[in-house]
Amino acid sequence: MPSETIAASSRATARWVPVVILALGAFCAGTDNYLVAGVLFPMAHDLRMSVAGAGLFVTAYSLAYALGSPAVMTLVRVRSPRRLLLVSIALFVVVNVLAAAAWAPWVMAVARIAAGCVAGLYVPLAGAAAAGMVPADRRGRALAMIMGGISIATLAGVPLGVWITSLSSWRMAFVFVAAVAVVATIGVALSVPAGGATPAVSLRERVAPLRRPDVLLGLAVTVAGMTAGLMVYTYVGPIFAAAPAVGAGFVGLLIMAHGFGALIGLWRGSMLVDRFGARPVLLGCLTVFTVNLALQPLAARSLASAIVFVILWGVVGWAFLPAQQHSMIADAPPKLSPMLLSLNGSAMYLGAALGSAVGGAVIAGLGADHIWLFATAFAAVSVLLSLIRHRVTTFSSTRP
């Protein structure tokens, strides 16, 4: 192999190293949220509160991410993107140590809200930095790697929390996240290039893109799609535990199968985005996602069909995310990318909070076997909004 080819291959590999490091930080952000489900019972007992009350720590994190991200990005006065990444991932170490040391429910609530705000600062910055460090035709894969960190967290977060708790205590699960965040902090410091300084942006400027119909519609697509997916994911236990052909003993297997499908969806979906563009991948994923959710009652008739359902749900549900991120920044100036990704991240977690809330209300009022109706309705709305957004974007681009 010619030396020039080897050198070019080495440079290409080195370019992806900081992207992998940034994805490790995203894994910390995702794991910090999902592992709570695995430590819920011992945490509630230790903090002398109900399990339902402890479950609100997940909602606090999601809402803090959704509503706090734009405000935090405005208030933080460090203007170098690399320094912002370092500050945010380092703060993630601090808030997880606080969670591990929490001696009262209010301390844990503060730690969870702070963690959501910090994650809302880090993840969009990491996505924008990753997209900016690779060629334009590899943006989809770079964004998928950042989301892959969160996807792996959905696969490993809950069992990881259970495993660490069984070895020591639930507090050590948060110490583990803090330790991984330390490694990510060192990795960012050593591998992510400094880049240019970013200008100060006021909160008004940061939310200014919301005045654009295409951006507003894009965020609505994210909210609707995430609401549909998280409505099922949050209550996958009650949904399938009540199915005679599945039962509670196989719920853990279904969650892992969903995570496996999510990894496939992120990687293959990002490759399709790089090859065909975001719009066909986005519409295709949302359409299959809607049809799959509509068939959930049939899927519950056997364990095999339930596994197929959750894998396909994971594939299209997570392939949708890099396609949606790419579509949000495809035609935007580089300086707007962090803001748009931040708003899209907020929309993701707003959808997550809404999905768990609506799903809980459905279970209380109608039962877990009716969740698929509402999830399918939200997924169908996401398809409709995506079609409308394309028409609005096309009209705006062709208007003189």
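**Note on surface and core features of the predicted model**

1. Trp103 counts as exposed because its relative accessibility is 61%, and the cut-off for that class is over 50%. The structure discussed here is a predicted model. Trp103 is placed in the loop between α4 (81–101) and α5 (105–132).

2. Trp103 also belongs to a nonpolar surface patch, together with Leu98, Trp106 and Val110. The accessible area of these residues together is about 470 Å².

3. Tyr61, in helix α3 (residues 51–75), has a relative accessibility of 0% and therefore counts as buried. Setting aside residues up to four places away in sequence, Tyr61 touches Ala29, Asp32, Asn33, Phe92, Arg112, Ala115, Gly116, Ala119 and Tyr349. One of these contacts, Ala119, is 58 residues from Tyr61 along the chain, with 9.1 Å between the two C-alpha atoms.

4. The largest nonpolar core comprises 110 residues. Those that touch the most other members are Leu22, Met43, Leu85, Phe92, Met108, Phe174 and Phe240. Helix α5 gives the most to this core, contributing 13 residues. Another core, of 12 residues, lies apart from it and includes Ala131, Val223, Met328 and Ile329.

5. Beyond its neighbours within four places in sequence, Phe240 is in contact with Val246, Gly247, Leu254, Gln296, Ala300, Ala306, Phe309 and Val310.

Methods:
Residues numbered from 1 in each chain as written. Predicted model: local features only at pLDDT ≥ 70, side-chain atom pairs only at ≥ 80, totals over all residues. Heavy atoms only, no water. Patch = residues over 30% accessible without salt bridge, like charges linked within 9 Å, V, L, I, M, F, W, Y side chains within 5 Å. Areas by Shrake-Rupley, 256 points an atom, 1.4 Å probe, with all protein chains shown as cover. Salt bridge = Lys/Arg side-chain N within 4 Å of Asp/Glu carboxyl O. Helix = DSSP H or I, 4+ residues; strand = E, 2+ residues; numbered from the N terminus. Buried < 20%, exposed > 50% of the residue type's maximum accessible area, 1.4 Å probe, protein only. Contact = heavy atoms within 4.5 Å. Core = buried A, V, L, I, M, F, W, Y, C linked by side-chain atoms within 4.5 Å.
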